[in-house]
Amino acid sequence: MLHIIKQEINMSKKLLSKIEWTCKMKKVKLEIINGCLRIVEHTNLAYVEPHQVIIKGKLYLFFNEIALAQTYFAIQTRKQEISEKEYSSLTEDEKRFYQKNLTKKGNYSLNQTAKNAGVKNFDKFHNFGYKGLYNGETADDIAKRKGVRYREDILDNMGSDELIANLFRISQTEQKLKRDDIQSEKEANIAHYEVGSKIRKTIKELGGTMPEDLPTPKKSLKQLEKENKKSLKKK
């Protein structure tokens, strides 16, 4: 069953002033019902319902000039942000897809910041972060321990909790690079290691499970994607 999410859209000040000015000149009263954005949950489908303006019993429909932009922004935001209640209702694999998407975007943003800080060897830079968080393990070490296939993304082979730990490492490293105005590759690598180490220490102090001790999912996200595509073709 499709679930439609409704978000009210306020009439733009520019459009409102035009309508009110016209009605004032004509000395007529008006009633305004704001339009709304309706999003089909878990899809990229959305549509805008126009504002309704009732003048002398007649119905007039208006759209904001930025209605299309509002639709696009809402869809993109919806992809990235869901409520705690919605998140808790997801299956573990759905949580993995959600966190992997956030981690991927976070890594892209971190790479841009690291590049501005002087980083050129990104594999080395990311390994410093992994070493801090995983007690000295590099990306290759993690892949071998998990039994990841050649060239397969280790993030596709992490559970939601492990992805969250890495997302926190990524976001905090980017903030540190900016906050400390780091301008050399060496300092950026050290910063990434320090952030990873501090997150590891925090997990330990809270009595949590170390990242390397978290279970590896039986199926990678790539495998799940392939299975979903096959099942859709059969229908």
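Which residues of α7 are buried? The buried ones are Ser160, Glu162, Leu163, Ala165, Asn166, Leu167, Arg169, Ile170, Thr173, Glu174, Lys176 and Leu177, where buried means under 20% relative accessible area, exposed over 50% and partly exposed in between (1.4 Å probe, protein chains only).

## About the model

This is a predicted model, in which local features need pLDDT of at least 70 and side-chain atom pairs count only at pLDDT 80 or more, while totals for chains, interfaces and linings use all residues. Residues are numbered from 1 along each chain as its sequence is written, and side-chain values use heavy atoms, with hydrogens and water left out.

## Helix α7

Helix α7 covers residues 160-179, and its 20 residues reach 28 Å from first C-alpha to last, close to the 28 Å expected at 1.5 Å a residue. That expected span is 1.5 Å times one less than the number of residues. Helices here are DSSP runs (H or I, at least four residues), numbered from the N terminus. After α7 comes Asp181, with a positive phi near 50°.

## Salt bridges

The whole structure holds 10 salt bridges, each a side-chain nitrogen of Lys or Arg within 4 Å of a carboxyl oxygen of Asp or Glu. Let's look at a few. In helix α4, Arg96 and Asp93 sit 3 residues apart, about one turn of the helix, and their closest N and O atoms are 3.0 Å apart. Arg96 counts as buried because its relative accessibility is 1%, whereas Asp93 is partly exposed at 32%.

Arg145 pairs with Glu137 in a salt bridge, with closest N and O atoms 2.9 Å apart. Lys100, Asp153 and Asp156 are linked in a network of salt bridges.

Note on methods
Helix = DSSP H or I, 4+ residues; strand = E, 2+ residues; numbered from the N terminus.
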